[in-house]
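This briefing sets out selected features of one protein structure. The sequence and the model are shown directly below.

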Amino acid sequence: SSAQIGVTGLAVMGRNLARNFARNGFTVAVHNRTAAKARALVDEFGDEGEFVYTETAKDFVAALERPRRLVVMVKAGEPTDAVIKEFAPLLEPGDMIVDGGNAHFADTRRRERELRELGIHFVGTGVSGGEEGALNGPSIMPGGSAESYAALGPMLEKISAKAADGSPCTAHIGPDGAGHFVKMVHNGIEYADMQLIAEAYQLLREVAGYSPAEIADIFRTWNRGRLDSYLIEITAEVLAHVDAATGKPFVDVVADRAEQKGTGRWTVQIALDLGVPVSGIAEAVFARSVSGHTELRAASRDLAGPVAEPLSKEAAAAFADRVEQALYASKIVSYTQGFHEIAAGSAEYGWDIDLGAVASIWRGGCIIRAAFLDRIRAAYDARADLPSLLADEGFAREIGAAQDDWRAVLVAATQQGVPAPGFAAALAYYDALRAERLPAALTQGQRDYFGAHTYRRTDREGSFHTLWGGDRSEVEA
Ligand code: 6PG
C-alpha cells in the first residue's frame with residue numbers, strides 16, 4: 001500500500017484529476033470499472049508522475065495507504081451510490097471517500113450520515129473548472145468533517161488553482177453537504193452570469209446592430225475592465241468563431257435551445273424552500289426552458305411586436321457603454337442573491353460557512369472566476385456579518401452609479417421588444433429592496449379579506465383581522 005490517494009471513475013474529469021495529483025508529486029492509484037481505462041491512463045500519462053494501476057476494487061483499496069483517501073469521479077446519482085456500496089465494505093474506520101461529482105447536497109448529507117455510522121468520512125466535494133481545471137487546477141469545495149479536511153486539505157491545496165495573490169482555491173466549506181451546496185450555488189450563479197452575458201449580446205446585436213465579430217471586440221474591451229472574467233473571455237472567443245462549413249458566424253448556426261444538467265434548477269428549487277429570492281438565477285433557468293419550447297415558440301411567431309428603429313453609429317457606441325453598466329449592475333445582484341442563498345443554507349443546516357472564503361476560492365479555477373470575486377472577498381473580510389452584498393459601501397456606490405444606464409437599457413429592450421429577463425429581474429430586486437413601502441401591504445389585505453389570514457400593523461404589535469363581511473371593524477386575532 002503505497003498510494004497517497006486513489007481515483008476511481010476515469011472519464012475525463014477523473015482522469016484529469018488523477019493526472020493533476022500525479023503531476024503534483026502524489027502517488028495515485030487509479031481504478032475504473034472497465035480496467036482498460038486505468039491501463040490506458042497509465043500507458044499514456046505514466047511519465048507525468050507515480051501511478052499505481054489497479055484492476056479490481058480490492059486491489060484499489062489495498063494500494064492505498066491508511067487512512068485511505070479515495071476519490072470517486074462517477075456520474076452523480078445512482079452510480080455514486082453503487083460505487084459506495086462496492087467500496088464501503090472494503091474500507092476501515094478513518095478512511096475517506098471523496099465524491100467529486102455534481103451531487104445534490106441532500107444526497108451528500110444522506111451518504112455522509114450512513115458512512116459516518118461505519119466510521120468512514122464521506123467528503124462531498126464540489127469541483128469546478130471543467131476538464132481543463134481538473135488537470136491544471138480547479139476550484140475545490142470540500143464538505144465533510146474537519147478531521148477529513150486535515151488529512152485531505154494539504155493535497156487539495158496543492159492541486160487546486162491559485163488566486164492572483166497565490167492563495168489556493170480550496171478551503172473546508174463546512175460539514176456534510178456544505179461543499180456540494182456551495183458548488184450548486186456556484187452553478188446557479190454560473191447560469192445567471194451566462195444569461196446576463198447572453199442578454200448583453202442580444203441587445204448589442206438587435207438594438208445596437210453590431211455583428212458577432214464586433215460584439216466579440218466589445219467583450220474583449222470589457223474583459224480588460226471590471227467585468228474581467230473567464231466567462232466574458234470565452235464569450236468573445238465563441239462570438240468571433242466562424243463556422244467552417246458555412247462561413248457564417250458560429251453563433252448563427254447553433255440551434256438556439258439551451259440545455260442543462262440540473263444544478264441551476266436545484267439552486268432555484270432549494271432557494272424556494274429556503275425562502276431566498278434568487279430571481280436572477282431563476283430567470284436564467286427559465287430562459288433556458290423558454291428556449292427549449294420550440295412548439296410554443298413556433299406557435300407564437302406571429303405575435304405583434306414593435307417596429308425596431310436602427311441606432312446611429314454614435315448612439316450604438318453609447319448604448320454599448322450602457323449595456324456594460326447594466327451587465328455589471330445585474331451581476332452584482334446575481335451574486336448578492338447567490339451569497340444570500342449560501343448564508344441561508346448555512347444557517348438552516350448549521351454549516352457556519354465563511355462567505356469571504358467562498359468568494360476567495362472562486363477567484364481562480366472555476367467557471368465563474370473573475371476579478372469581481374476579489375471584491376466580494378474583501379467585502380466579507382471587512383465585515384463578516386454583512387447582511388447583503390448590496391450593503392457593502394463599494395458595491396452600493398457602483399450599482400448606484402450604474403442605475404441610470406441600467407434603466408435606459410431596459411427601456412430600450414422593452415421598446416425594441418428584446419427580452420432581457422435577467423437584467424429586468426435584477427433591477428426589480430434592486431428597486432424592491434430600496435423601496436420605502438412595498439405593495440405587500442395590499443397583498444396582506446387581500447389575504448385577510450378572502451381567507452381571514454390576518455395582518456400586522458405598522459403602528460401596533462399583534463395580529464389583526466378586519467371583519468370584511470360585516471361592519472369592517474378590526475379585531476385583534
Ligand atoms: C463547473 C461547471 C460544471 C458543468 C456544469 C454545466 O463548475 O465546472 O459548472 O459543473 O459544466 O454543470 O451545467 P449545465 O449542463 O447544467 O449547463
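This is a predicted model: local features need pLDDT of at least 70, side-chain atom pairs count only at pLDDT 80 or more; totals for chains, interfaces and linings use all residues.

The salt bridges in the model come to 32.

**Annotated region**

**Parallel strand pairs**

- Strand β1 (residues 5-8) runs parallel to β2, and four bridges join the two.
- Within this pairing, Thr-8 is placed opposite His-31 of β2.
- Strand β2 (residues 28-31) is covered on both faces: Val-28 and Val-30 are buried on one side, and Ala-29 and His-31 are buried on the other.
- Strand β5 (residues 96-99) is likewise parallel to its partner β6, with four bridges between them.
- Met-96 faces His-121 of β6 in this pair.
- Strand β6 (residues 121-128) is largely enclosed by the rest of the structure, because eight of its eight residues are buried.
- In a regular strand, side chains alternate between the two faces of the sheet.
- In β6, His-121, Val-123, Thr-125 and Val-127 point one way, while Phe-122, Gly-124, Gly-126 and Ser-128 point the other way, and all are buried.

**Antiparallel sheet**

- Three strands form an open sheet in the order β8-β9-β10, with antiparallel pairing.
- β8 (455-456) and β10 (474-476) stand at the edges with a single partner strand each, so one side of each has no neighbour in the sheet.
- Arg-456 is found opposite Ser-463 in β9.

**Salt bridges**

- Arg-39 and Asp-43 form a salt bridge in which the closest N and O atoms are 3.8 Å apart.
- Both residues belong to helix α2 (residues 35-45) and are four residues apart, about one turn of the helix.
- Asp-43 is exposed, at a relative accessible area of 57%, whereas Arg-39 is partly exposed at 37%.
- Arg-407 and Asp-431 form a salt bridge whose closest N and O atoms are 2.8 Å apart.
- This pair links distant parts of the chain, since Arg-407 lies in helix α18 (residues 393-416) and Asp-431 lies in helix α19 (residues 421-434), 24 residues apart.
- Asp-431 also forms a salt bridge with Arg-434, at 3.1 Å between the closest N and O atoms.
- Asp-431 and Arg-434 are three residues apart in helix α19, which means that about one helical turn separates them.
- Arg-407 is partly exposed, with 26% relative accessibility, and Arg-434 is exposed, with 51%.
- A network of salt bridges links Asp-81, Asp-107, Arg-110, Arg-111 and Glu-114.

**Buried helix residues**

- Met-155, in helix α7 (residues 146-159), is buried, with a relative accessible area of 5%.
- Residues up to four places away in sequence aside, Met-155 touches Gln-4, Ile-5, Phe-21, Phe-26 and Arg-69.
- One of these contacts, Phe-21, is 134 residues from Met-155 in sequence, yet their C-alpha atoms are 7.9 Å apart in space.
- Ser-334, in helix α15 (residues 313-349), is buried because its relative accessible area is 3%, under the 20% limit.
- Apart from neighbours within four places in sequence, Ser-334 is in contact with Ile-189, Ala-192 and Leu-196.

**Nonpolar surface patch**

- Which residues form a nonpolar patch on the surface? Val-238, Phe-250, Val-253 and Val-254 do, and together they have about 270 Å² of accessible area.
- Phe-250 belongs to helix α11 (residues 250-253).
- The relative accessible area of Phe-250 is 30%, so this residue counts as partly exposed.

Key: Residues are numbered from 1 along each chain as its sequence is written. Side-chain values use heavy atoms; hydrogens and water are left out. Patches are made of residues with over 30% relative accessible area and no salt bridge: like charges are joined within 9 Å, nonpolar side chains (Val, Leu, Ile, Met, Phe, Trp, Tyr) within 5 Å. Accessible areas come from the Shrake-Rupley method with a 1.4 Å probe; for residues, only the protein chains shown count as cover. A salt bridge is a side-chain nitrogen of Lys or Arg within 4 Å of a carboxyl oxygen of Asp or Glu. Buried means under 20% relative accessible area, exposed over 50%, partly exposed in between (1.4 Å probe, protein chains only). Contact means heavy atoms within 4.5 Å. Two strands pair if DSSP finds at least two bridges between them.
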